[in-house]
Structures are given as structure tokens and as C-alpha cells.
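Hi everyone, thanks for coming. Let me put the structure up, and then we can walk through it together.

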Amino acid sequence: MIPASFDYRRAASADEAIALLTENGDDAKLLAGGHSLLPLMKLRLARPSVLIDISRLADLSYIRADGDQIAIGALTRHHDVEVSELLAREVPLLPAAAGQVGDPQIRHRGTIGGSLAHGDPASDLPAVVLALGGSMVVRGPGGERSIPATEFFAGFMETALAADEVLTEIRVPRLEGAGWSFQKFNRRAHDWAIVGVAAVRRGAGSGANGGGAGVALVNMASTPVRATAVEEALAGGASATEAAAHAADGLDPPSDINATPEFRRHLAQVLVRRALEEAGA
Amino acid sequence: MTAVVGTRMLRKEDPELLTGEARYVDDLVIPGALHLAIVRSTYAHATIKSVDVSAALAQPGVVAAFSGADLRPEWAGPMPCAWPVTEDMLNPEHFPIAVHTACYVGDAVAVVVAETDVAARDAAELVEVDFDVLPAVVDLEDALSDRVLVHEALGTNRSYTWELIPDADAVEEAFANASHTVVERYVQQRLIPSAMETRGVVAVPAVYGGEITLYTSTQIPHILRVLAALTVGVSESKLRVVAPSVGGGFGSKLDVYAEELLCLALARRLRRPVRWSEDRMENTQATIQGRGMIQHMELAADADGRVTAVRARLLADMGAYLQLVTPGIPLLGAFLYGGVYDIPAYSFVCTGVFTTKTPTDAYRGAGRPEATYALERAMDALARQVGVDPAEIRRRNFIHPDQFPYSSSGGLIFDSGNYEPALARAMEMAGYDQVRSDQAARRSAGATKHLGIGLSSYVEMCGLAPSRVLSALRYVAGGWESSTVRFLPTGKVQVVTGTTPHGQGHETSWSMIVADQLGVSPDDVEVLHSDTSIAPHGMDTYGSRSLSVGGTALWLATEKVIDKAKLIAAHQLEVAAEDLDYAGGTFTVKGSPDRTMAIGAVAFEAFTAHNLPDGLEPNLEASSHWDPPNFTFPFGTHICVVEVDEETGKVDVLKYVAVDDCGTQINPLIIEGQVHGGIVQGAAQALFEEAIYDEDGNLVTSSLADYLVPSAADFPSMQTDTTVTPSPTNPMGVKGVGEAGTIAAAPAVMNAIIDALSPFGITDIDMPATPQRIWTAIKQSTDASGASGASGAGASGASGANGASGAGANGGPR
């Protein structure tokens, strides 16, 4: 349980982190809270030759309102998301989910940006940002660009981030009173979800952030994934139960010691139904 | 002095543990120590064709690297097994590091010794082992078929068959005449003990003279000293074994381990201290595992459900080799398949089987949780068959209080017991009747979340052990315990005990016993233990033995101290010894309450020796070695209430009630702590934990991310109470409580789950009862019984009881 040897560099700014990434190429990994990367390194499943520590970049830890959206610095700890009054008021789904990530120790170290950039389909927050219709602000040598959450998760633990880019900010639309739910199903309280569901239901066409439902699933595919068949069924007037029957449509969920693909499909249907019922019409 | 025994005194050990001052093996600063890393087999079964350590040796900081063949000359004997349960038991010879064949994933095949831990581990990755892979055999019944032999030379995977059948005809007759017969098959999955502190070892050779000190995270420094000396071939007189602070064991540190012997041998060979520290993934593979049985359990009963015979047949998974007491573990439960019930005919047979997996050995309860599980599950099956409530079937079969001491048909004499009050109290605390009516209401309302209530009435045998009984069971050592009590000149008391606490709080409990006996403050009692140089005689700590055996030795030693002090006090008070009364640390002349002498003052007189009776030796010190005449038999009833979600298969434990009777109580706070931990550890077997192997013999659950040890967030607050039925077999009347919770909990939880699922006709779920397993069982049940499930809401997700909460609003799931 000791990582292979690596070099350690501490970046004093996001720009320095980008420069270090550019300099070291694919062999480098960014270190934020370290709660996903370091376990992999201790198992020697990840062996980056250089760790670029960005965890002390205080200017990337913030939660602030920005027009119709809430902007969250990538290095904001899960705990800070969990207890944010602004988020509790404007996007309560996010703190509700952040409060269920791991255990208190993990939530005080792990960061929202780290969780999203890790791209683990079993993590909670990617599905939440997908359901909310959020976006990622990333910065590279050529400047800044914004990537919609729907285009961010590219493959199993792969994202649209280029090797020399840093995720700096997560933007999510205000919920404006829309109903929401986060359903996390696991065997043990602090574990990853066996299946999870994040759901948002807005009144049709109401508010600046538009109408319709956003439903996304945890641990149901090789990436965090939107339950588009459910969203379409709801748009077509289906009831929660009817729409939930489509929860696993087109998905190839993983098999592990906790659940077969068949059980996961079933759980997704149950949990989506519960989420839609809780989120209301 | 006010009596302290029976009070909730805070543990003396805790400030040190909680502030991090305690020193575990890995905390010991040993200048010049080399670090050992072990190359382990990645195959469950493989011939070792060659081992090339040259690349490892070339690494900076690496001092030595060896194969099993290189180290073979270091061993004076094979790894020890202290419990050859039958004359013809097969025990394959094996050494701390495999020489020719690796027989499980994790079996040591090479070692690297380096100046730092990191250098050793990095170099270990460079050792090249050429394996010739052999087929694995993982399943117990498959192994028994001898399709694949774990040890070719043995010609079979059967290690032994051990029988306890006092009267075979009586059993046959009971089954022939039975009105009800229960035939069940239960699986005891393998468990990984998961002590908070993984193992650690340091062997420190003296610069000259040949002495060597072994610091190790063990429950058994005394037993280890003997066996390590024999295996490594050092004189026992040159070997000192010390267990510093030990962070839990649960039986997993009741063993003689390869790494202990390797550190000893390498330290001698390299003439430098050698240390090893186990990481968590190594711990899951290289430390013994628990349970691992298939149980065939049969009950015969009359028309009223009174059990007339029990017949238990076990297959027990030994793993790849026999460790210290591996084959004897099922025997520790062998006498208890009749439990708290008055059953006239008894039959028990166990066959030990080799598989290509990590060896099994003692794990909290060791044989008794398995026995209690099989019996209590079967009693519920009988209750269903007879058509009476599970509580009633138990009442009808309990051994009555006037039957004690009770001679069981299994051949034991139960010391004392009174089972019905514990059941009644537990039912009262659980609100049993209310839960039953809530359960019925939910069922008739067609709810998809089902209530279940489970009972478990248990008796265990602990206080290992009467030495003559151990002899009859072919265990190679005795079961006595020893203690020395000595007054220091200032009136403080030093206690030396042969028990080896590793979380149990002996320093506290032993101080309390001494405080009341000798009239001193518990703070003035120093308890020395776990170092063979300080406490040379001991049989260590396991099997809930420490208090009833070691505590009794201590109590008897204090009596000897008092007897001697009385002679001195009588001399100084110028009366005959029989004219003195003794209470609370003070001698008083009978009829003259003003003529007294405190025992502390006597101690000072004994120290100065200025004025002692003629012929009496100076100092106030006495030792006692106590060999108990019988086991002790703690008992109780636990009740669990669960809610099972039929849509997801998830079990929520709503309530857990325990009423335990461990005889006289020394410290109720410590008792509660033991019960709490034990319950969750037992419930973990029912709900969470399972060492899963794939068909190639790879351990799939090799980290705590996959092997689900529950946390406080996974279990509700427990409600506990006690009854007190003293044991007549020792002067304090104590019984022991270290394993009670673990013994009672798994069947209570599983009976509750089966009870909840009874509308589906489900009568068995393998442990752990995972959502997947429960959902699958419900699905099979509803599929088999046609379109509609028992409650009308099938598995296909019809809208159930989980209504929308505050529809449309911000009703967050917090």
C-alpha cells in the first residue's frame, strides 16, 4: 500500500499547473483532494511519474452566484458544497448529494473538481451535474473554454479534458424552485452507489433555465450517464412509473460483487421512479 | 473502601489509546532494523519451478533476498498445529515460506530484506518466480470429491472426520418416531477478521549471547514463544516474546505466523533486527480467515415441537494448511448444536477439508457462532412447521432452571442457567407483540416494506479450558492460567497476569478485582502482561477465557496474599490469626473494632522484615495457577427487528435488543462494550461480510472497499440488558462475555430477514443477505407462484408504499 516513486511539484497558480502539465505530458497527474487518485497510486494501479499539487490554490475554492447560474470553484471541498447556504437555497440537489459522498473525512479533503475530472461512473457528483445540465470551465495553454456536462464524460474514467488542461470551475443553473431528488443505493453507508439517481423536474417552460426533466444515473454505464429515455418519456407525458420503466434503456450496466447487470437495471427503474415521485411533477 | 467491582469504571487503558501514546509494533523505534517484504503467490495453486532474486538483490538498499528453498535449512520443524483432533488427521507439512508448491493466493514464495520498507517492497516487485500453474479447488463439496488434490502426496483433501455420537441408536429412534423433522443446509461464508491493527513483527537479536526478542502483534506471546523456539530451533530460554499494544485480534492473532518465524530466522541469519509490517491487502490474504462451513442440520421433534434429537453434519474449510488450531475450531461448537434446549439425543460429525485458499482458524466465537446459527435457524424452521411463534418453540424446549447443573446429551455439564427470564426481558424490550401486530398490519395493507422479527437464544461454552478436557480433545497444551500479586513497599500493588489483553480492558478489570480484595484504589494497581520475561507463565487470551480463568487465578493469588498478611498482622497485633477479621483491606481483632491494621501497613512490615513471625519469609507476594474444573456457560436472548424493501432487497435493521447473562459482572461498561462490538461483528456476517473467491482461487474481496466491514452508520443503537446467574465453577461466579454478541447476532438478524420474507414462501437466504440475494429470492418466488407476488406488488416496480414526499416541493432526501 505504498505508491511507486514519483516526483512532486506544487503549483502556485492554475497557470503554473498548466505549464507543468505541458512540460510533463501524459506522465503527470493533478493532485487535488487526492481521495480518488492516491488510493489508485497506493494499489499501484496508477503510476504517474509526476504529481502536480494544486490543492492549495485557494482562489479555486469558492461558491458564488453568477446570473442564472451558480459558479463553484473546482477545488471546493465536498464539505463546503454540503454546507453552502447559497447552494441550499438555489441548487439544493447539489449539497444533498455532496453530503452523501464517502464519509466526513473524505468530504473534508475531496473536491468537486477532482470528483468530476476523475470521471468515475460510480461517483455521485457527475450524475448530479449531468441532471442539472451544468457545465465545466477548463483552462489550458490556449485559454479558457466551457464544456457542457453532457460532453464532458468521454469514457470509463476519461473526460474531455486535454492532458494540458485544468478544470477550474463548475457551473450549474439555479433550480428556481424545481423539484429534485437524489437516490443513492448502497449496502454500506459510506460506499459508492450500487446505483444512484439524480433527478430534476422543472415546470414546463418556466423560469430562465427552461423546463423539462433532467435525470442522470450513477454506476449504470461506463460513464456517468443521462437517462435520456426517461427524460423523453416524461416530455411525452408519461407518469413517473411509466417513465421509470425506461431507466435502463440502451444501457449496459456493470457487473460486480454487489449487483448483476439485471439487478442494476431493476434498481435503476425503482430508484428513478422514487426519484421522480419525490421530485414531483 | 467502597466496592468498585460492579461499577462502570472508565477503562484505565483508554487515555493512552485515545491520545495515540500507545505503542503498537509498527510504532516501535528499533535502530538499525532491516525491513522484510514478502513476495506472495499470485496463483491459488502452483508449482514453484524457479525463483530468481538477482534483480531484487541489485537494487539499492537491498541486503538479502531468498527463496523458500534457500531458507528451508532455517527450519527445525514445520509450522505447528497444536490440535491434531484425531489420531489419523492428515496435516500436510508446510514451512513459513513455500518450498515446492504454493497452495493459496498469498502463500509466501520469496523474501526481500532491505534498509527501508519502501526499498524492500519495490525490490520485491522485481523477484521473478516461475510458476507451473495447477488447478485450484475453491468449493468445499468439490474439494471433498478429490477432483483436484490440494496436496498431491496426501491422496485426498479430507484432513479428518471427528464424531460426537454418544448414542447413535437413540438418535435413529428419535428421528424414526418424530412427528416433525427439520432438514436444513446452511452455509457459513468465510470471514476476514479485519482487526483494526494489521499484523506487525520485529525480531531483535542481542549483539552477543544469542538472546532474541520478538515483538509481535499477537494474542499469544506465551504459546508463540514455545512453538517459535521449536520451529526456528532456538532455545526457549533465549527467546523473549513481547506483545506491545495490540489493536484487536478476534482470534486472528491467535496463531503462529510465517512472518514471525521469518523475522526470527532472518534476524539470526543477518545478525540485525528485522521487521515486517502487514498492509491491509496482505492482511486479507496472509492472515487467517474465519468460519467457512457447510452445515447439514436436522431436528426431530414431537407433535408439540419438543425437540427429541439433533443431528449435525459439517464440512469445514481448513484452507490450504492447518494453522495453530484450525482443525479444532469446529469442535469448539461441536457440543452446542443443542444449545439452550433440553434435547435427549445428539449426533455431531465434522469433516475437515483442504481447499486452495487462505487457511482458516479461530475467529470471534470460533465454532460457537456456527453452532448457534444452525440451531437457531433450525428452531425457527421447526416453529414454522409446528405452527407456533418462534418464542413459544423456544420456551417449550428450554432447559429448566431446576435442571442445573445440566448434563447435556452432547456430554457437557452446563454450570448454571435460567433462560426464560432473558427471553421474556428481551421480548419486553423489543415490544415483541407490537412488532408482530405492526407486521400483520403491513402485510394486510400490501406494503412493500416488510417487517421481520428474529430471535436467537444462545448458550456458549467459554473459559477455555479444563486441561483434562483439552487432553481428551487431543489439544496438546493445558488450559490453566496464572497470576502473581505483589505488594510494593509503598502499598501499591503489582499484578502479573498470563492473559494477553488486546482491547479487552484487563488492566481495568484486574485492577478492580484487586482493589476490592486488597482495599487499595484501582489506580494503585499496576497490571503487567504480554511479555514473557515479565509474565513467564500464561496461556494467553481467546475464547472468553481471561476473566473466568485468568481473573480467577488473580483472585486466588490475592487470597494467598491476604492469608500471609494475616499472619503478619496477627503477630503485630499480638493475637492469633483466627482472631482476626478481614474486610476491605483492613484486619480487625474480633470484638475489638479499634484494634486494626491496614494491609498496606502489613505490606511495609513485610518489606522491612523487621518484625515478622519466626520462619515467615519477607515480602507480600503470591502466585496462583488456576485450572478450571469446567467451562462456563454464558447465555442470553437477542432479538432483531428488520425492514426488508421488496423492491430493492435492502435490509434495514430497525431495532436490536440483547439480554445477556455472563454471571457476576466486574465492569458493566466493559461488558456493554464487548456486547456492542460483538453484535455488530455478528450482524456483519448476516448482512455485509463475505470473503469471496473466484473459481481460480483469487480473493475478490481483498480490500476494505470490497470486504464490507460495517461502521456505526450501518447499525442502529442497541438496547442491552443483563440477567445475572453466577457460575458455581469459580469463586467470583464470572463467566465471560467477549464472544456472546457475535454468537447471538447472526441468527437473530437472519431469522428476522426470513421472517420478513415469509409471505413470499422464502425459507433460506445465504449470508450475507445482500440486496442482490434477497431480490433474486423474491423474484424467483414470485416468478414461480405466477403473476402476482405475495403482497400484490411484484418485482416489476409497481408504485408502492414509497409515496411522494411533499410533491413538487424541495423535499430533499436528507
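This is a predicted model: local features need pLDDT of at least 70, side-chain atom pairs count only at pLDDT 80 or more; totals for chains, interfaces and linings use all residues.

Residues are numbered from 1 along each chain as its sequence is written, chains are lettered from A and ligands numbered from 1 in the order in which they are written, and side-chain values use heavy atoms, with hydrogens and water left out.

So, the interface. Chain B brings 49 residues and chain A 39, with contact meaning heavy atoms within 4.5 Å. Together they bury about 3,600 Å², 52% of it on carbon and sulfur atoms; that is accessible area (1.4 Å probe) lost on being put together, summed over both parts. Seven salt bridges link chain B and chain A, each a side-chain nitrogen of Lys or Arg within 4 Å of a carboxyl oxygen of Asp or Glu. One of them joins Arg44(A) to Asp122(B), with the closest N and O atoms 2.7 Å apart.

Now, the helices in chain B. How are α11(B) and α12(B) oriented to each other? Their axes, lines fitted to C-alpha atoms over the stretch in contact, cross at roughly 105° and come within 9 Å. The two are therefore roughly perpendicular, a label for 65 to 115 degrees. Among the residues that meet are Glu376(B) and Met379(B) from α11(B), and Arg394(B) from α12(B).

Finally, α16(B) and α17(B) pack at about 30°, axes 10 Å apart, and are therefore roughly parallel, meaning under 35 degrees. Thanks, everyone!

Terms used:
Axes are lines fitted to C-alpha atoms, for helices over the stretch in contact, and angles run from 0 to 180 degrees between N-to-C directions. Helices (H or I, at least four residues) and strands (E, at least two) are DSSP runs, numbered from the N terminus. Angles under 35 degrees count as roughly parallel, over 145 as roughly antiparallel, 65 to 115 as roughly perpendicular and the rest as oblique. Buried area is the accessible area (1.4 Å probe) that two parts lose on being put together, summed over both.
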